[in-house]
Amino acid sequence: MFKTKITLASIGLATALCMSAPASAQIAGASIVGVTTAESIQLAYGWSAKKSILGKTVYNDAGQKVGKVEDLIVAPQNNVSYLIIGAGGFAGIGRHNVAIPVNQVNERNGQLVMPGATKEAVKQMPAFEYAKDTARRDQFIATAEKDIALARVKLGEVQKKAGEAGTEVKGKLDAQAVALEADVKSVEAKLGDMKRASASRWHDFEAEVRLALGRLHKSFESAKG
């Protein structure tokens with residue numbers, strides 16, 4: 001089964017935070033590109049990562065400072081986002097970043113509050129560490145190459161069917177094969193640019209590879225039908 005999705009191997013291209021009520025934040029998911037008018041209205045009342053979250057202090061429900069929000073992470077395989085909070089000083093164990101689901105942090109009177117965040121509870125939380133960037137690059141490339149290989153197998157199947165099909169069906173199959181082959185070559189070219197880039201610059205090519213993989217996925221699904 002062809003598995004290329006927007007969420008391939010790393011973070012998703014777009015996840016929006018919105019608030020369903022003054023005291024909670026939620027993920028605004030969508031099955032279409034962009035957002036609907038209703039979702040845009042919701043977003044106007046949501047949390048801005050830049051203005052409302054990053055660098056802000058998080059308190060527990062006793063008013064104690066737990067730590068500052070260092071980052072916001074969008075998980076690659078689902079619709080949950082996490083706040084990365086530097087809570088080492090609060091827990092008394094030096095540097096200790098922890099990952100907290102966004103929906104476990106509320107806004108109260110202009111402050112971010114994490115109910116139940118006692119020192120002992122935070123101390124028991126596993127420390128959050130970023131995956132090594134080179135490992136994520138290698139995983140991204142490996143996944144893309146797997147998708148290319150699957151697409152090439154499908155291309156061969158479509159070309160074979162086109163060669164055996166009657167006149168009425170052949171035209172449709174030929175068009176599918178041409179589109180699929182063009183998208184395969186596009187992904188290969190953009191992935192090649194990424195591979196040739198230095199380890200510190202591979203992110204410069206990530207968005208283009210993702211877009212090319214998205215087009216390849218559509219062509220693959222069309223060829224399946």
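The protein has 7 helices and 8 strands. Helices (H or I, at least four residues) and strands (E, at least two) are DSSP runs, numbered from the N terminus. This is a predicted model, where local features need pLDDT of at least 70, side-chain atom pairs count only at pLDDT 80 or more, and totals for chains, interfaces and linings use all residues. Residues are numbered from 1 along each chain as its sequence is written, and side-chain values use heavy atoms, without hydrogens and water.

**Confidence**

The mean pLDDT (the predictor's confidence in each residue, from 0 to 100) is 78. A value of 70 or more is reached by 73% of the residues. Over residues 1–32 the pLDDT is below 50. That stretch still has 79 contacts in the model beyond near neighbours in sequence; contact means heavy atoms within 4.5 Å. Where pLDDT is low, predicted coordinates should not be read in detail.

Helix H6 covers residues 167–196. Its 30 residues should span 44 Å at 1.5 Å a residue, and its end C-alpha atoms are 44 Å apart, so the two values agree. The expected span is 1.5 Å times one less than the number of residues.

Of the protein's 225 residues, 35% count as buried. Buried means under 20% relative accessible area, exposed over 50%, and partly exposed in between (1.4 Å probe, protein chains only). The buried residues of H6 include Leu173, Leu180, Val187 and Met194. The buried residues of H6 pack against helix H5 (133–164) and helix H7 (203–224).

Arg137 is in helix H5. Leaving aside neighbours within four places in sequence, Arg137 contacts Met194, Lys195, Ala197 and Trp202.

Trp202 also belongs to an aromatic pair, with Phe140. The pair is tilted: 5.9 Å centre to centre, with 50 degrees between the planes. Rings of Phe, Tyr and Trp (its six-membered ring) pair if their centres lie within 6.5 Å; planes under 30 degrees apart count as stacked, over 60 as edge-to-face and the rest as tilted. Phe140 lies in H5 and Trp202 in the loop between H6 and H7, so the pair ties together parts 62 residues apart in sequence. Both Phe140 and Trp202 are buried.

**Two residues by accessibility**

| Residue | Relative accessibility | Class |
|---|---|---|
| Arg137 | 14% | buried |
| Asn109 | 83% | exposed |

Asn109 sits in the loop between strand S7 (106–108) and strand S8 (111–113). Asn109 is not a glycine, yet its phi is positive, about 50 degrees. Most residues other than glycine have a negative phi.
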